[in-house]
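Hi,

Here's the structure I said I'd pass along.

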Amino acid sequence: MACPHVEPANLAKPTPNDSVYREDCTQCFDSIDDPAGLDLCLKCFNGGCVGERQHAKRHSEARGHPLVLNIRRTRKIIERDEPPLKISKLAIAAETETDRYTTTLTVKCLCCGVDDIDVADPLVAPVISGVMSANTFSRKEEVKAWEQELTSCEHILTLRQERYREIASQNLSHCSKCDLNENLWLCLECGNLGCGRAQIGGAQGNGHALAHFNETSHGVAVKLGSITPEGTADVYCYSCDEERVDEDLAVHLANWGIILSQRQKTEKSLTEMQIEQNLRWEFSMTTEDGKELTPLFGPGLTGLKNLGNSCYLASILQCLYDLPSFQRRYSSDLPIPNTSDPGQDLETQLRKIGDGLLSGRYSKPDSEVTVSEHSPEVPHQKGLSPSMLKHLIGRGHTEFSTMRQQDAFELLQHLIKLVTRSKHPAGLGDPTLPMRFVMEQRLQCLSCKKVRYSSNEQDSIFIDVPLDKLPSEDDEPAKYKPVTLQECLERLTSEEVVELTCPACQSKNGFAKRQLFKTFPEVLVVNARKMAVINWVPIKVDVPVIVDDEPFALDDYISKGLQPDEELLPEEAAGSGAPAWTPNAEALAILEAMGFPRVRCEKALHATGNNDSEAAMNWLFEHMEDPDIDTPVNLGGSGGDAAPADPEKMMMLEAMGFSGPKAVKALKETGGDVERAVDWLFNHPDDNGDEAEEEAALNHDSLVGSNELPAKFRLQSIVCHKGTSIHAGHYVAFIRKKLGEETSWVLFNDEKVVKVADVEEMKKTAYVYFFNRV
């Protein structure tokens, strides 16, 4: 049927820069797999649901975009009279969407109600074709998830190959030093073929390619089975000991008679094997007698799909949305945000996650899994894909914008920062406020006994877990002595001596330093760092931390504040006198001898008490990726204002049209990097800069948290990690949930949500703890 809105709509195909949301609604998780399908705006390519929430219709009315493409997808039922063909190793080919689904397309006008516009209309057909062939928003993110950000290196750029020689096909069939015929690496310099090292993904190897490098210093090799006709392959530089990219791979392979366009990928790439291994860090999904744990479904029991390396995000989101403050703040009952691009709006995506996790609408068995007597698989959920939120959280961040595995606790801190900066509706407020409290530090000169108190507002504490090895045999993995949470808290709040110059008596004998709680939060977040340095590499070790299931008191750890018989140290004049803090000369020399820059050494000593080079070294390994790691520490001790923004950088930003306060804030948030500051400004258009911060400070209570006693806390949820590095392995969450009349622990393992009977072992090896005040 003809529609009067088609011609004046002036439709155009999506460009490569357009985001096409044709899989799920940008404001909820209704998708093309629902019976009513998804309405995709043919003007701006926003995806909207057709169900009771009517996000497609609301978008159409608000933006004046009447034409939509309804996309509905149904699973094909394939019946085979014969068993499937045996998989050949000649090529790896994934099952396509067309093989699995039937997709129905209908063009509708939401303004005049016409729902059968001709899909072959010349004004509409090219747009439909462009929409269906374009990469969806989530697909672009998934592609990144299976790729690493690799670069070339000097050894590839200056590669000199031996004279052209065509290698016979039989010489490419197995290693030159053994009979292995997979995991083979071709030396691009001389054409030698050697087997790689044994891979965590299961590929065998005797390391003959590495041995060839040690013998000849030929560092650049390519994995034969990973080469694709499109020109991608695993290229490794043994000289750098890093995976690399070779922009001239086709030329380098042609030197040995290998034509790129004739190759077929026959083996998994290193990246695929690494991510597959991350997914294999499986937490037990069975009971002690071997039975599968029963999946759970319902409100607050919805899983999140793993996007490749996103379990760190899923585990933190599950714990945050278990908090009442987050449930209230991002409730689906709130009015829909007025935004032109919901997929790029953080507020909208945080509400979308809240609705998805808490409503229970999407917590149902995967309909594509058929359970029968021949299929023992337990039907878990499909899981919700948090790709839009993940993109927004990582935007402009050097780590979270990548698709590599990340530190879950660092993500929590980053997410708290983003939420705190956001505007909050009247009456709801910042949902991270219950996590905030004040720590008070007391310094006392060892000579004149005068004191100084300083306060610091925090949203979490870091506990240093002692690493005491237990006796073990040489061939057994190291085991560590269990410690209690109370022991860790004692270490956190115990008194230590730091080397400072007293401004009152000028003594260099040092100060006694101790930190205690000035106030307590409603939700106490604890990060348990368990890192050991083995062969100069930081390795996460599993030290059991004993945490009681019953409430425990923190009353002994509250600060008493300034006492009547104590005399305060005089305030130091800004910029006058000698620095109040000088690095320990001996520890500084040890660290510099290890090759660390002086700025980093001073920063590490300042952060760890200035008397232990080993503690400072551990701190350096843990904070290598900090954006401000090379920013000099303030040694003056005056506590004055931060250094003013660079005037030249300020002028550059102001010349682009950004106001002074906004420019100052952007430079402060990005460590003075102009390029990142511009990106930050575009991502925070409503942030008015430091003026807004000052206004918020005036409206902010002078003291967050509460100093009322008793202060009892009980464990509510934990984020657990398996693996030897916090930047690899696998994260899951265990949360205490009310299930009917009983309270039980629930495991959130990506999309899998199951009830567990015992979490004692998991509590011992948790990485992040959430305690509720009771």
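A quick definition before anything else: pLDDT is the predictor's confidence in each residue, on a scale from 0 to 100. You'll need that because this is a predicted model, and pLDDT stays under 50 over residues 372–376. For that stretch the model has one contact beyond four places in sequence. Residues 573–579 also stay under 50, with three such contacts. Across the chain, the mean pLDDT is 82, and 80% of the residues reach 70 or more.

Now the overall picture. The chain has 774 residues, 47% of them buried, and its secondary structure comes to 22 helices and 25 strands. Of the contacts with a separation of 6 or more, 69% are between residues 24 or more positions apart.

I also went through the salt bridges, and the count comes to 28. One of them pairs Lys352 with Asp24, with the closest N and O atoms 3.5 Å apart. Lys352 sits in helix α11 and Asp24 in the segment before β1, so this pair ties together parts that are 328 residues apart in sequence. Both residues, Lys352 and Asp24, are buried.

Another joins Asp407 and Arg529, at 2.9 Å between the closest N and O atoms. Asp407 is in the loop between α12 and α13, while Arg529 belongs to strand β16, 122 residues apart. Asp407 has a relative accessible area of 0%, and Arg529 has 9%, so both count as buried.

Cheers

Key. Residues are numbered from 1 along each chain as its sequence is written. This is a predicted model: local features need pLDDT of at least 70, side-chain atom pairs count only at pLDDT 80 or more; totals for chains, interfaces and linings use all residues. Side-chain values use heavy atoms; hydrogens and water are left out. Helices (H or I, at least four residues) and strands (E, at least two) are DSSP runs, numbered from the N terminus. Buried means under 20% relative accessible area, exposed over 50%, partly exposed in between (1.4 Å probe, protein chains only). Contact means heavy atoms within 4.5 Å. A salt bridge is a side-chain nitrogen of Lys or Arg within 4 Å of a carboxyl oxygen of Asp or Glu.
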